[in-house]
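Here is my note on the model, point by point. Please read it with the coordinates open.

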Amino acid sequence: MSKRIKLVTERDVIKSVAERWKDQYQFDDGRWASAGVTPGNEVYAILRSLDLETTTAAKINSLLGNDSWTTRECLSCLMSVKTCISFNGRHICIPCVRKGAVAAGIIDPNGGAE
Ligand SMILES: [Zn+2]
C-alpha cells in the first residue's frame, strides 16, 4: 500500500493529538490562542503529559470537550469515524471505501472479492 494511501486507526489519531492541537492553537510567532477558558499552551502541556500510546479517546474527549480530536470525518458520508483510509491526507471511512470498490466492480456487493 502506498504511503499516501494508508489505514488510520483511532490510536494513530490519538498519537497525533498534541501536535495537531499545537498546529491549531499556536501562531507562527510562538504565541498561543485561547482555547475556551484555558490557554492553548496549557492544554498542549496537558496533552504532552499524557502517554498517547495508552491514553483512551474518552480521556482526551473529556479534556477537550468533544470527540473531534479523536475521530476523523469521512469526506464522503461526513460521519465521524474512529478508523478510516487516508488518501493523501483525505479521510474516507471503511464502509465508503467498500461502496466505492463495489461501484468500481472490484468487489462483489454481497461480500466476497471477485
Ligand atoms: Zn464514509
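What pattern does the protein chain follow, read along the sequence?

1. Overall pattern. The order is β-α-α-β-β-α-α-β-β-β-β-α. The secondary structure comes to five helices and seven strands. Helices (H or I, at least four residues) and strands (E, at least two) are DSSP runs, numbered from the N terminus.

2. Basis. This is a predicted model: local features need pLDDT of at least 70, side-chain atom pairs count only at pLDDT 80 or more, and totals for chains, interfaces and linings use all residues. Residues are numbered from 1 along each chain as its sequence is written.

3. Overall dimensions. The radius of gyration of the protein chain is 17 Å, well over the 13 Å that the globule rule gives for 114 residues, so the chain is more spread out than a compact globule. That radius is taken over C-alpha atoms, and the globule rule is 2.2 Å times the number of residues to the power 0.38. Along its principal axes, the C-alpha trace spans about 55 × 30 × 25 Å.

4. Domains. The domain assignment gives domain 1 (11–68) and domain 2 (71–114). Their C-alpha centres lie 28 Å apart. Such bounds come from an automatic or database domain assignment.

5. Helix pair. Helix α2 (residues 17–25) packs with helix α3 (residues 40–49) at an angle of about 170°, and their axes are 9 Å apart. That makes α2 roughly antiparallel to α3 (the term applies to angles over 145 degrees). Axes are lines fitted to C-alpha atoms, for helices over the stretch in contact; angles run from 0 to 180 degrees between N-to-C directions.

6. Helix contact. From α2 come Val17, Ala18, Trp21, Lys22 and Tyr25; from α3 come Gly40, Val43, Tyr44, Leu47 and Arg48. Contact here means C-beta atoms, placed from the backbone, within 7 Å. By class, the contact of α2 with α3 has seven nonpolar, one polar and two charged residues. Ala, Val, Leu, Ile, Met, Phe, Trp, Tyr, Cys and Pro count as nonpolar, Asp, Glu, Lys and Arg as charged, and the others, Gly among them, as polar.

7. Sheet. Three strands form an open sheet in the order β1-β6-β7, with antiparallel pairing. Strands pair if DSSP finds at least two bridges between them. The edge strands are β1 (5–8) and β7 (90–93), each pairing on one side only. Neighbouring strands are turned by 30° against each other on average, direction ignored. Helix α5 (residues 94–103) packs on this sheet and touches β6 and β7; its direction makes about 80° with that of β7.

8. β6 (residues 84–87) pairs with β7 over four bridges. Cys84 has Cys93 as its bridge partner, and Ser86 has His91. Phe87 stands opposite Arg90 in β7. In the hairpin of β6 and β7, two residues lie between the strands, and Asn88 takes a positive phi near 55°. β1 and β6 also pair over four bridges. There, Ile5 has Phe87 as its bridge partner.

Note on methods
Contact = placed C-beta atoms within 7 Å. Parallel < 35°, antiparallel > 145°, perpendicular 65-115°, else oblique.
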